[in-house]
Amino acid sequence: MALFELSGAAIVFLLIVAVLVAFVTEVVPNDVTAIAVVAALVVLEPWTGVGARGAISGFANPATVTIIAMYMLSAGVQATGIVERLGIYLADFTAGKEFRALVATVCTTGPIAGFVNNTPVVAVFIPMVTDLAEKTELSPSKLLLPLSYAAILGGTLTLIGTSTNILASDFARILIDGRDGIGMFEFTGLGAVLLAVGTVYLLTVGWRLTPARVPVDSDPVTEFDLDNYLTLLEVTDDSPAVGATVDAFDEGYPDVRVLQARRDGEAYAGAHSDRVLDVGDSLVVHGSLQAVNQFREAAALNHRSRESVTEDTFESAATDGTLAKAVVPDQSSYVGETVAETGLRDYHETTVLAIRRGGDLLRTELDGTTLQAGDLLLLRTTPASIRYFTDTADLVVADERAVDRLAAADADEVAPLSPKTPIAVGILAGVVGVAALDLLPIVIAALAGVVAMVVTGCLTTADAYDAVSWNVIFLLAGVIPLGLALESTGGAATIAEFLVALDAVLPTLGVLFALYLLAGLLASVITPVATAVLLIPVGVDAAARMGANEFAFLLAVMFASATSFMTPVGYQTNLMVYGPGGYEFADFLRVGGPLQFLLAVTATVGIAVGWGV
């Protein structure tokens with residue numbers, strides 16, 4: 001039996017190593033890796049001890065169902081417009097002052113993220129914060145990283161603040177005798193301390209460490225280094241463009257795109273335009289220098305070398321087209337598709353001019369480029385398409401200069417509140433209250449809240465399903481059985497023995513701190529959910545072996561997993577601000593590293609004081 005357990009643990013360890021490598025390298029999407037784990041566990045059942053029923057148990061896990069319901073409840077609150085309205089009030093509060101803009105960003109995002117899923121909160125705030133930075137003549141980089149960090153910190157306030165909290169509650173029910181999960185506000189006191197400490201850091205040390213990567217009032221053409229990729233050409237007498245529509249003429253030259261045509265001071269968008277070209281018309285063309293020169297010669301066009309293409313070139317045709325920056329979020333349907341496959345140009349009159357991916361800037365052969373989560377796109381698009389991207393959450397518009405929402409004086413016109421606002425907020429409050437008073441399990445309360453949202457018209461069924469980040473759900477459902485296999489084969493006990501060995505040289509508080517650091521580091525390179533699944537059983541097992549407080553060790557992993565600041569890939573909101581802020585990978589380590597260590601010390605001491613070790 002011992003030999004069977006040892007070999008089973010070894011197999012599970014090898015599977016975990018393979019999963020970690022796949023998560024870090026992202027050779028395939030993380031949710032696909034998680035589903036592969038489900039299949040692998042069943043195929044290797046003689047060693048893993050996980051059959052078909054156990055392998056798919058993650059889909060029926062209360063934590064998984066609760067997280068699905070919370071995504072839907074958050075969408076119902078988002079649809080009321082209350083968060084956007086708050087952005088209008090923030091603009092009034094800042095009054096053009098830099099530090100006020102920082103205070104407004106950090107001190108509002110954190111509390112909101114304690115009750116509404118932080119990913120859509122950050123998605124709504126990105127364009128607002130960018131516009132706020134412009135009004136205060138501040139680099140948006142100085143506000144976007146604090147925005148993400150504040151949203152992460154807010155997730156520590158309540159049980160529903162983040163998915164790792166809900167997952168930890170379910171582990172507490174399963175692994176710790178006498179515990180029926182975690183209360184809605186059971187750790188709110190410590191979460192408030194972490195939020196306060198993090199806020200002070202972001203307003204002081206973090207403010208100084210955060211770089212101003214994106215220049216104030218930067219022209220997107222310059223920011224994406226497109227000066228040699230956007231050219232102004234003129235139609236001549238001999239050009240085959242004369243008498244042809246822009247759209248028909250454009251189709252004959254696949255290596256370039258006609259973005260705009262201009263005549264007598266009037267400009268109109270090129271894509272899908274039925275305007276007929278004439279001699280003297282100016283064309284704004286996108287393509288490499290070589291492709292544009294070949295196009296110019298073949299189409300008998302003149303190069304207007306004395307005029308350059310800037311953002312103002314497109315803004316002059318604001319009714320038909322504009323430049324906008326947009327982030328590809330993790331849950332976007334465009335992830336994994338090439339630019340051509342997305343249909344952006346064919347269906348949404350949108351042309352991708354450049355893609356910023358980490359430190360790389362892509363400006364050629366874009367149609368064949370596969371989009372990844374976190375990509376920052378520079379688009380020539382229309383206001384109608386911007387509204388579509390925002391409604392579907394396929395793209396998060398990071399800089400919408402064509403529609404300056406914060407410039408309007410009437411908040412009711414710019415960010416109108418839905419008549420359903422009191423109902424939606426009341427339903428969310430009801431869910432929180434029912435769960436806090438332990439009248440119903442959180443999973444039942446959340447599902448009942450979703451039903452109430454749909455019945456009262458706060459949320460349509462289609463919007464409810466669209467609100468769920470299904471990749472996160474499949475990731476969660478896939479890695480939960482991996483945690484079961486680690487526990488059943490004795491793998492968790494094996495890892496726990498290393499922590500127990502530390503007890504010989506460190507006090508129990510030191511072992512707790514070491515576990516917190518390990519969880520924080522692991523969450524920075526793989527997902528927080530995967531970290532919680534793998535390390536919570538280890539922490540609880542180690543505590544039991546040392547005679548320590550099992551719940552304290554569970555909380556350490558929970559808080560460490562939920563507060564990942566050191567890399568852009570450790571938490572989805574970090575990835576969302578990575579491109580719009582123009583950050584480098586090292587910026588997250590420089591700003592987030594000290595914050596993560598500070599919170600590790602604070603949380604460890606707070607857990608010891610609040611629950612004992």
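Modeller: Happy to. Helices (H or I, at least four residues) and strands (E, at least two) are DSSP runs, numbered from the N terminus. This is a predicted model, in which local features need pLDDT of at least 70 and side-chain atom pairs count only at pLDDT 80 or more, while totals for chains, interfaces and linings use all residues. Residues are numbered from 1 along each chain as its sequence is written, and side-chain values use heavy atoms, with hydrogens and water left out.

Let us begin with Thr94, which is part of helix H7 (residues 82-94). Thr94 is buried, with a relative accessible area of 2%; buried means under 20% relative accessible area, exposed over 50%, and partly exposed in between (1.4 Å probe, protein chains only). Leaving aside residues up to four places away in sequence, Thr94 touches Arg100, Ala101, Ala104, Leu132 and Thr136, where contact means heavy atoms within 4.5 Å. Lys135 is 41 residues from Thr94 in sequence, yet their C-alpha atoms are 9.2 Å apart in space.

Next comes helix H6 (residues 62-78), with 17 residues. Its expected span is 1.5 Å times one less than its number of residues. Of the 17 residues of H6, 15 are buried, so the helix is largely enclosed by the rest of the structure. At the start of H6, a side-chain oxygen of Asn61 comes to within 2.8 Å of the backbone nitrogen of Ala63. This is a polar contact: a pair of N or O atoms within 3.5 Å; within protein, one must be able to donate a hydrogen and the other to accept it, and residues adjacent in sequence count only if both atoms are side-chain atoms.

Another threonine, Thr342, sits in helix H18 (residues 339-342). Thr342 is buried, with a relative accessible area of 9%. A polar atom of its side chain lies 2.5 Å from the backbone oxygen of Val339. Not counting residues up to four places away in sequence, Thr342 touches Tyr334, Glu337 and Leu371.

Now for the loops. Ala300 is in the loop between helix H16 (289-298) and strand S5 (301-303). Ala300 has a positive phi of about 55 degrees although it is not a glycine, and it is partly exposed, with a relative accessible area of 25%. Glu349 lies in the loop between helix H19 (344-348) and strand S7 (351-357). Its phi is positive, about 50 degrees, although Glu349 is not a glycine. Glu349 is partly exposed, with a relative accessible area of 32%.
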